[in-house]
Amino acid sequence: MQDTGLSILFRGINFLRLLQGLWVTLQISLISVGLSFIFGTLFGMLMTVKNRFVQAFCWLYLNFIRIMPQLVLLFLVYFGVTRQWQISLSAWSSAIIVFTLWGTAEMGDLVRGAIVSIPNHQYESAAALGMTKQQIFRFVILPQTVRRLIAPSINLITRMIKTTSLVEIIGMVEVLKTGQQIIDANRMQYPTGALWVYGAVFVLYFLVCWPISTLAGRLERKWR
Amino acid sequence: MSVDILLEYLPLFVQGALVTIKISLAGIILSLLVGLVCSYVQYYRVPVLRQIAKGYIELSRNTPMLVQLFFIYFGLPKIGLSWSREVCAVAALVFLGGSYMAEAMRSGLEAVDVIQTESAISLGMNRFQVMRFVVFPQAMAVALPAIAANVVFLIKETSVVSAIALADLMYVAKDLIGNDYNTSEALFMLVVFYLLILLPVSLLASYAERRIRYAGYGA
C-alpha cells in the first residue's frame with residue numbers, strides 16, 4: 001500500500017512533540033487568562049469610577065489595546081520595549097505581558113458592561129431594605145454580575161488561546177513551530193508532510209477551543 | 001528617534017499599507033458574501049447545506065487564522081491546490097471572516113419577528129419579496145454593528161499574512177527592524193499606519209451603531 005503521508009504524525013516521537021508544543025501554547029494562554037481575569041476585574045471596576053482622569057486613562061488604554069492588532073502589540077513589547085529601555089525580555093515573558101495587557105482590556109470591558117447593566121432599582125431596592133453599601137455589593141450586585149460574566153469570559157478564553165498562535169512569529173517553539181520543525185526534519189521522506197502536520201495542528205486547536213466555546217454558547221442561551 | 005529615518009521609511013510603509021488595505025478589502029467583501037450565503041442557508045433551513053454551513057462555522061471560529069493560513073499556503077499545495085501568496089492570504093481571511101459574518105447576519109435574520117414575515121405573506125408578497133423588502137432591511141439594521149466590528153477585526157487579522165512573506169505593514173516593519181535595527185522608528189511608523197487605517201473604520205463603526213440605535217427607538 002502506498003504511504004499517504006499521514007504516518008509522519010506517528011513516526012518516532014513526532015506526535016508527542018506536537019502535544020508538547022500544544023502544552024506550551026496552553027501554558028501561555030492559561031497564565032495570561034488567569035492574570036487577565038484578576039487585572040480585568042480590577043480594571044472593569046476602575047472604569048466605573050466617576051472621575052474624569054480615571055475615565056480618560058481607561059478609555060485611552062482600552063481603545064489603544066483594542067485597535068492595534070495583537071501582533072503589533074507583541075512587536076512593541078518584544079522589540080520596542082526591550083530596545084527602548086535596554087532590558088532583555090524572552091519571547092515567553094513578552095507573550096505573557098502582551099496577552100495579559102490585552103486580556104485585561106477585554107475582560108475589563110466585559111466587567112464594566114456587566115456592572116453597568118445592573119439596573120439602578122437593584123441598588124435602590126437593596127438600600128431601601130436597609131442593606132449597607134458592602135452588603136448591597138456582596139449579596140445583590142456581585143451575584144448578578146458574575147452570572148452575566150460567565151459566558152462572555154469563557155468565550156474570551158478561546159479567543160486568547162487562538163491568539164496565542166501569534167507567538168510563533170516572534171520565534172517561540174509552540175505547537176505551530178514544532179509542526180514546522182517536524183515538516184523540515186522529514187522533508188525527504190515525507191514530501192507531503194506539510195498537509196498532514198498543519199492539518200493536525202488545525203485539528204488540535206479545534207479540539208481545544210470547540211468544547212470551550214460550545215460550553216460558553218450553551219451557558220449564554222441558558223442564562224439569557 | 002530620528003525624523004530623517006521616518007521620512008526615509010515613509011514610502012515603504014505606504015506600500016505596505018496598500019497591501020494591507022487590498023487584502024482587507026478583498027477579504028471583507030468576499031467574507032460578506034460567504035456570510036450571506038451561510039446565514040441564508042441556515043435561515044431557510046436548507047437540508048445538508050445547513051449542516052455543512054454549521055460545520056464550517058464551528059471549524060473556522062475555533063481555530064486561529066495563522067493556522068488556517070499555514071494550512072492553506074503550505075498544506076494545500078501538497079494535494080495540488082497551489083495558489084499565490086495574495087490568493088492564499090485572501091482565502092484564509094475569507095475562511096475566517098465568512099463564519100464571523102455569517103453569525104452576525106444570522107442573529108440579524110433571527111431578530112426579525114415571525115409576524116413580519118406572516119404579515120408580508122398575507123399581503124400577497126412572494127418569498128423573494130418578503131426577504132428583499134421586509135426581512136433583509138430589518139435584519140441588516142440589527143446586524144450592522146456586529147458586521148462593522150467584524151470588519152475592524154478582519155483588518156487587524158490581516159497582520160498575520162506577514163508570516164507567509166506577503167509585504168504588508170507588519171512585514172515592512174519586521175524587515176526594517178531586521179535590516180537596519182532602527183526599531184523605534186519602524187515600530188512608530190507601524191503604529192501610526194495601523195491607526196490611520198483602523199481609527200476611521202472603527203469611528204465609522206461606532207457612528208453606525210449609534211445611528212441604528214436611534215432608528216430602533218423610533219419603531
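Trainee: Let me start with one helix. What do the buried residues of helix 2 of chain B pack against?
Mentor: Keep in mind that this is a predicted model. The buried residues of helix 2 of chain B pack against helix 1 (3-43), helix 3 (65-75) and helix 4 (85-111) of that chain.

Trainee: Which residues of helix 2 of chain B are buried?
Mentor: They are B:Ala53, B:Tyr56, B:Ile57 and B:Ser60. These residues cover an arc of only 100° around the axis, so they sit on the same side of helix 2 of chain B.

Trainee: How many residues does helix 2 of chain B have, and what span does it reach?
Mentor: Helix 2 of chain B covers residues 49-61, which is 13 residues. From its first C-alpha to its last it reaches 18 Å, close to the 18 Å expected at 1.5 Å a residue.

Trainee: Where in chain B is confidence highest, and where is it lowest?
Mentor: Confidence is highest in helix 2 of chain B, at a mean of 95, and lowest in helix 8 (residues 183-218) of chain B, at 85. For chain B the mean pLDDT is 91, with 98% of its residues at 70 or more.

Trainee: Now the whole chain. How many helices and strands does chain B have?
Mentor: Chain B has 8 helices and 0 strands. Its C-alpha atoms fill a box of roughly 70 × 50 × 25 Å along the principal axes. Of the 219 residues in chain B, 45% are buried.

Trainee: What share of the contacts in chain B joins residues at least 24 apart in sequence?
Mentor: Among contacts between residues at least 6 apart, that share is 78%.

Trainee: Let us turn to rings. What describes a pair of aromatic rings?
Mentor: Such a pair is described by the distance of the centres and the angle of the planes. Over all chains, the structure holds 17 aromatic pairs. One of them joins A:Tyr78 and A:Phe79, with 5.0 Å from centre to centre and 65° between the planes, an edge-to-face pair. A:Tyr78 is partly exposed, at a relative accessible area of 22%, and A:Phe79 is partly exposed at 26%.

Trainee: And how are the rings of A:Tyr198 and B:Phe74 placed?
Mentor: Their centres are 5.8 Å apart and their planes are at 35°, so this pair is tilted. The pair crosses between chains, from helix 8 (residues 193-223) of chain A, which holds A:Tyr198, to helix 3 of chain B, which holds B:Phe74.

Trainee: Which residue lies over the face of B:Tyr100?
Mentor: That is B:Arg61, at 4.4 Å from the ring centre.

Trainee: One last feature, the backbone. What is phi of B:Val48 near, and where is this residue?
Mentor: Phi of B:Val48 is near 65°, a positive value in a residue other than glycine. B:Val48 is in the loop between helix 1 and helix 2 of chain B, and it is exposed, with a relative accessible area of 58%. For B:Ala165, phi is near 60°, a positive value as well. B:Ala165 is in the loop between helix 6 (127-157) and helix 7 (169-180) of chain B, and it is partly exposed, at 31% relative accessibility.

Key. Residues are numbered from 1 along each chain as its sequence is written. Chains are lettered from A and ligands numbered from 1 in the order in which they are written. This is a predicted model: local features need pLDDT of at least 70, side-chain atom pairs count only at pLDDT 80 or more; totals for chains, interfaces and linings use all residues. Side-chain values use heavy atoms; hydrogens and water are left out. Helices (H or I, at least four residues) and strands (E, at least two) are DSSP runs, numbered from the N terminus. The expected span of a helix is 1.5 Å times one less than its number of residues. Buried means under 20% relative accessible area, exposed over 50%, partly exposed in between (1.4 Å probe, protein chains only). The arc is that of the directions from the helix axis to the C-beta atoms. Contact means heavy atoms within 4.5 Å. pLDDT is the predictor's confidence in each residue, from 0 to 100. Rings of Phe, Tyr and Trp (its six-membered ring) pair if their centres lie within 6.5 Å; planes under 30 degrees apart count as stacked, over 60 as edge-to-face and the rest as tilted. A charge sits over a ring if NZ of Lys or CZ of Arg is within 6 Å of the ring centre and within 35 degrees of the ring normal.
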